[in-house]
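Here is a short note for a colleague opening this entry for the first time. Please keep the structure in view while reading the points below.

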Amino acid sequence: MIENLTQRAKEVLNGNFQAEGFTIPSKGLYPFQWKWDSGFIAIGFAHYDMEKAKAEIGTLLKAQWDNGFIPHIVFHTENDSYFPGADFHQSNLHPQSSKKYRSTGMTQPPVTGFVLQEMYRIADDKQDLLRFIEEHIDKVYQNHAYFYTHRDPNNEGLMYIYHNWESGTDNSPVWDAIWETMNPPHYDVKRKDTTHVDVSQRPSNREYDHYLYLIDIAKEHRYDDAKIAELSPFLVQDPLFNAMLIKSNEALIELYGLIGNNTEKIRQLKQWQEKSIRGCNEKLFDEALGAYVHYDLRNDRPIRHVTSSSFSPLFAKIPDQDRAAILVKTMLERFGGDDKYLCASFDPTDERFDPRKYWRGPVWINMNWMLYYGLKNYGFLKIAERMRKDSIELIERDGFYEYFDCRKDNGEPNRRGYGGSNFSWSAALLIDLLK
Ligand code: 9WN
């Protein structure tokens, strides 16, 4: 059974791998290379085809900008099945953008550092992998330096994101209160996502107006970070984004240690690390909710909702043991009923929870994967195992979907998978979870 499922996962990944050396997240819906997808995909490939895993990361890093920035989408090929594409984003507006690769001017959670560490953990030939890491690690370090230089205007160790797409959790109800502070024009554009996926499972047109407007503001200022920090109506410190950076900092410290002769970089990383962990614990933890929450920097207020991102600091060992126990209690109380699969992306006890709509409720395999390892970090083995089993069961029953209804009984037997099908990171991380 397990062999069968792993085999099917490999077929999905191989089918999505492109001759240019990267993997699309899902045919039709997402035809380019996405930053955090590529990291999860590399972990899957690392288990059976390390050359493809290396190609995935190597290709992403080739598109890095001169200031260390790594974009959220790299448009390696011409393809008009996705909107907004390269012509809308116009990354060339930024003076330090890649001259060779067209991309977006926003980023995504910084997973690449810990992905290199995972690849090393999985590799049989450690020497070979260490050589690969040696060739690429400075680029990842430069990416972290970019964040600490340009994305932390108040020097809190907490990076801001200026667009909901930078969070990876695109239409989470967390952003709703921010949309209420904005009044963007109506964009008369042809969305493509709703031609691939049922419109009821995707963000609304009005939400897209906000998304496009934020890009237009950034473009008006040629993607200048300081201007964006000053003017973007969306400026948020996201616990998931920051947890990924912290996890990746830790990974770089370990990997530079293995490589040797990098004391200065290790010193700098440790200093960043200390500041960021403190920032997360002091500013983003909400005692009353028993969870980490987002902070709206533009409007200077916490966004008090519990999401799967609220638990991601477990993955980066940010909380101490007592606080980790509080997180688990919150997770079980709000997300963990027997009638549900773990882990909904948004609080099932909140009125904005929608079990079918994208990041407003459904289960996402990448989040489950992080939470599985996060729970194991603290010895919560029973709930970790439930997280793993639920992920496997959802895929086994429904297929390699992008996201899944968390309700065990949703009135539609064997129809819990939504969004894109043959979705790469669901396949990649399943391979890891089945090991
Ligand atoms: C915008 C590719 C990406 C994921 C995101 C997911 C979705 C894009 C979209 O697909 O976002 O980046 O067009 O909806 O929300 O997490 O990286 O799989």
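**Notes on the fold**

1. Start with the core. The largest nonpolar core holds 128 residues. Those with the most contacts inside it are A42, L252, C343, V363, L371, A427 and A428. Helix α12 supplies the largest share of this core, with 11 residues. Please bear in mind that this is a predicted model.

2. Leaving aside neighbours within four places in sequence, A427 is in contact with A9, V12, L13, G44 and F400.

3. Next, the chain as a whole. It has 17 helices and 12 strands. Of its 435 residues, 52% are buried. The C-alpha atoms fill a box of roughly 55 × 55 × 45 Å along the principal axes.

4. Take the contacts between residues at least 6 apart in sequence: 72% of them join residues at least 24 apart.

5. Which residues of helix α5 are buried? The helix spans residues 112-122, and its buried residues are T112, G113, F114, V115, L116, E118 and M119. What covers them includes α2 (35-46), α3 (50-62), α6 (126-150) and α12 (239-259).

6. Now a sheet. Four strands form an open sheet in the order β5-β6-β9-β10, and the pairing is antiparallel. Its edge strands are β5 (160-161) and β10 (301-303), each of which pairs on one side only. Strand β5 pairs with β6 (residues 236-237) over 2 bridges. Within that pair, Y160 stands opposite Q237 of β6. As background, strands of a sheet pair through backbone hydrogen bonds, either parallel or antiparallel.

7. The ligand site can be listed residue by residue. Around the ligand are P25, Y30, W34, W36, D37, H72, W165, G168, D170 and D193. By type, this shell divides into 5 nonpolar, 2 polar and 3 charged residues.

8. Check the backbone for exceptions. Most peptide bonds are trans. The bond from F83 to P84 is cis, with omega near 0 degrees. P84 is found in the loop between β4 (73-74) and α4 (86-89). A cis bond also joins L342 and C343, where omega is about -5 degrees. C343 lies in the loop between α14 (321-335) and α15 (365-377).

9. Most residues other than glycine have a negative phi. R222 is not a glycine, yet its phi is positive, about 50 degrees. Its place is the loop between α10 (205-220) and α11 (225-231). D300 also has a positive phi, near 50 degrees. D300 lies in the loop between β9 (294-296) and β10.

10. Are these two residues, R222 and D300, exposed or partly exposed? R222 is partly exposed, because 14 other C-beta atoms lie within 10 Å. D300 counts as exposed, because it has 8 C-beta neighbours inside 10 Å. The cut-off for exposed is 12 or fewer.

Definitions and conventions
Residues are numbered from 1 along each chain as its sequence is written. This is a predicted model: local features need pLDDT of at least 70, side-chain atom pairs count only at pLDDT 80 or more; totals for chains, interfaces and linings use all residues. Two strands pair if DSSP finds at least two bridges between them. A residue is near a molecule or strand if its C-beta atom, placed from the backbone, lies within 6 Å of it. Ala, Val, Leu, Ile, Met, Phe, Trp, Tyr, Cys and Pro count as nonpolar, Asp, Glu, Lys and Arg as charged, and the others, Gly among them, as polar. A residue is buried if 20 or more other C-beta atoms lie within 10 Å of its own, exposed if 12 or fewer, and partly exposed in between; C-beta atoms are placed from the backbone. Two residues are in contact if their C-beta atoms, placed from the backbone, lie within 7 Å. A nonpolar core is a set of buried Ala, Val, Leu, Ile, Met, Phe, Trp, Tyr and Cys residues joined through C-beta atoms within 7 Å.
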